[in-house]
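Q: I am new to this structure and would like to learn how to read its backbone features; could you take me through them?

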Amino acid sequence: MTACGGGQLWAAALIANARKQRDGLMKHELSTSVFILLAATLGVATTSAADQSTSGTTVTVAGEQVEEIMPGMLQGYLTKEEQLDSKVFVLPSPAEESAKQAFDTAWMKKMLELQGTARWDLAAEDADLAFPAAADVFSCALGIDVTEDGTPALYMLLRRTLTDIGLAPYSAKNAYQRERPFMISDTPVCTPQDEEALRKDGSYPSGHTAIGWGWALLLTELAPDRAEEILARGRAFGESRNVCNAHWYSDVVAGRMVGAAAVAKLHANDEFLAAMNAAREEIERVRGEDMAPEKDCATEASSLVLEH
């Protein structure tokens, strides 16, 4: 399935919806569907989400002016010419009767046992890629609150790299168009409000996983003494997509590879490197204030234990 024809109407409707949400006309936040919308908007009638055009709107985030690609999504550091073509290095998704698919199916059934648990609830929280909620994902692992006011440089870094890393899986997604586990098994997802949009977005590789693992790698570089905690949370963030029943195990594995590749690509960009330096200095300063995150880190930790 490609994003054309009826997909254009679908994308247009979601754009209008996203604008209403951004303007405060709807009560709920932008969520998974907005990330899918980003890819759909940028990839309408194409085979690559890198064929992007900007909205021409400039917004103020963390005290800086930055262009939006679409409502709620900032221009990344990479140009469209620099975006990864992930289908070149991501192998095709597992064949229907393969051993890999058999493992994926067995893992899906195991993850479905977590419905109704705290881990299921955390997976639903992890599905939300909208800011400011998304900025809070690594607060416990990092040991500080990540907010627009308190850590503006880091907040901006995460927002802009969301676009760069999040777009990276889409040439492979569009090439392979794998159906998601809930579509095959007729079982629930942890974010039923996103189900319709998820059905129109390829499962392989996982975009959420690419973002979570990419962010974990960036944050590990910025706070290497917290590497184990940060990487563990990045792994769990991707596994939330399995718990949520939105992705197969192999989608998550491929998503990590794409996220790492996108981060490597970003390191050739001078603006990104300058942003990393600013975020590193900011993290050191905030950590020096010895302020624990406001997030309930004990509850998060206990929720992650259920995964095992």
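A: This is a predicted model, in which local features need pLDDT of at least 70, side-chain atom pairs count only at pLDDT 80 or more, and totals for chains, interfaces and linings use all residues. Residues are numbered from 1 along each chain as its sequence is written, and side-chain values use heavy atoms, with hydrogens and water left out.

Q: In which sense do strand β1 and strand β2 pair, parallel or antiparallel?

A: Two strands pair if DSSP finds at least two bridges between them, and strands (E, at least two residues) and helices (H or I, at least four) are DSSP runs numbered from the N terminus. Here β1 (residues 57-61) and β2 (residues 64-70) pair in the antiparallel sense over five bridges, and V61 has E64 in β2 as its bridge partner. The two strands form a hairpin with two residues between them, and A62 in the turn has a positive phi of about 50 degrees.

Q: What is the phi of D290, and where does D290 lie?

A: Most residues other than glycine have a negative phi. D290 has a positive phi, near 55 degrees, and sits in the loop between α13 (270-288) and α14 (297-305). Because its relative accessibility is 69%, D290 counts as exposed (over 50% relative accessible area; buried is under 20%, partly exposed in between, with a 1.4 Å probe and protein chains only).
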